[in-house]
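Subject: Model for you to look over

Hello,

Here is the model I promised. Please open it alongside these notes.

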Amino acid sequence: MADGFLQVLGLIRWSYPSDVAAFKAEAATMDELRARLYAPLRMEERLFYLEHVVLPCIREQTDPNFKMVLLLGENLPDPWRGQVLDLVSGISQIVPVFEEEGQKHAALCRKVMRAHRNMRAAAVAEFRLDDDDAMARDFVAETRKAYRQHRALLAAHGAFCLDHTKGFAMVTRGTEVSVRPVFAHLWGISQALFYPPEHRKSLLDYPHKWLWTSMPNITVPGAPKWVRGVHQTNDSGIADGVDKLRGWDCPEEQVPMLLATEFAIDLTGVREGWAKLKSRHAA
């Protein structure tokens, strides 16, 4: 494949109520699922993560040439709907997309991502952020670098994956926020899938833990490239296993500096704001 323009295209699913079968947490009907996802306390927590963890790293990318699809349910109620739109309004890379609720999750994500691909690009690199995660400020730039270095894999195999394995788990328990430096393989964060823009599948068609069975993987264990939000409302259940993850050496006093310089996250502000939010609801 000749050298050419790489489109970098991301996805954030913000509390979208897809078909109930897509969630591990039990919900028998769409009304039950909406009630759980749109519960006022959960909405406040999701808005907090969006404002203080997710958006800073998007706003501060060293390479601003990318697009983020923000997927939301068409029935997302106010005031949450207006607050989400207010938070993202000044970020030109973010495109809010409201979709009918209850759709099959992988098929919907494929539809919205394919709709936003640039068909004139030589290739597209798709990635995702959950609504409580962060990517390093140079993630887009590093994704372009990986394409330049490894694009022969695209010609040979039709697709390949870039997986960064070093980052931080930001764990919230009660009013407390702790941060652990950890390694994780194929966790889905700061991970890019490269393929031609006409590729019939999209990133949610590939279970991230099993990408090594579908395409070549480039594994990069260098600088920390992601922050994973960990709490008891994670649908993945990661909160019960985070303490078993392998760590990497990082003096505790350096963590706030690394979060600020690499992810544009103000850890002191996060801790203070989270404690106030939880304490207000506990009163």
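Strands β7 and β11 run parallel and pair over five bridges. Helices (H or I, at least four residues) and strands (E, at least two) are DSSP runs, numbered from the N terminus. Two strands count as paired if DSSP finds at least two bridges between them. Within this pair, M170 has G229 of β11 as its bridge partner.

Some ground rules before the rest. This is a predicted model, in which local features need pLDDT of at least 70 and side-chain atom pairs count only at pLDDT 80 or more, while totals for chains, interfaces and linings use all residues. Residues are numbered from 1 along each chain as its sequence is written, and side-chain values use heavy atoms, with hydrogens and water left out.

The four-stranded sheet

β7 and β11 belong to an open sheet of four strands, with the order β5-β11-β7-β8 and mixed pairing. Its edges are β5 (134-135) and β8 (176-183), each of which pairs on one side only. β5 joins β11 in the antiparallel sense over two bridges. There, A134 has V227 as its bridge partner in β11. R173 stands opposite E176 in β8. Helix α7 packs on this sheet and touches β7 and β8; its direction makes about 135 degrees with that of β8. Contact here means heavy atoms within 4.5 Å.

How enclosed is strand β11 (residues 226-230)? Five of its five residues are buried, so β11 is largely enclosed by the rest of the structure. Buried means under 20% relative accessible area, exposed over 50%, and partly exposed in between (1.4 Å probe, protein chains only). Both faces are covered: W226, R228 and V230 lie on one side, V227 and G229 on the other.

Strand β4 and its partners

Strand β1 (residues 6-13) runs parallel to β4, joined by seven bridges. G10 has F127 as its bridge partner in β4. Strand β9 (residues 191-195) is antiparallel to β4, over three bridges. V124 has Y195 as its bridge partner in β9.

The helix pair

α2 (residues 40-59) and α7 (residues 267-282) pack at an angle of about 170 degrees, with axes 11 Å apart. Axes are lines fitted to C-alpha atoms, for helices over the stretch in contact, and angles run from 0 to 180 degrees between N-to-C directions. The two helices are therefore roughly antiparallel; that label needs an angle over 145 degrees. α2 contributes L41, E44, E45, F48, Y49 and H52 to the contact, and α7 contributes V270, G273, W274, L277, K278, R280 and H281. These residues divide into six nonpolar, three polar and four charged. Ala, Val, Leu, Ile, Met, Phe, Trp, Tyr, Cys and Pro count as nonpolar, Asp, Glu, Lys and Arg as charged, and the others, Gly among them, as polar.

Cysteines

With a disulfide defined as a pair of cysteine sulfur atoms within 2.5 Å, the count is zero. For C57, the nearest cysteine sulfur is that of C250, 18 Å away. C57 counts as buried, at 0% relative accessibility. For C109, the nearest is that of C161, 17 Å away. C109 also counts as buried, at 0%.

Best wishes

How values were computed:
Parallel < 35°, antiparallel > 145°, perpendicular 65-115°, else oblique.
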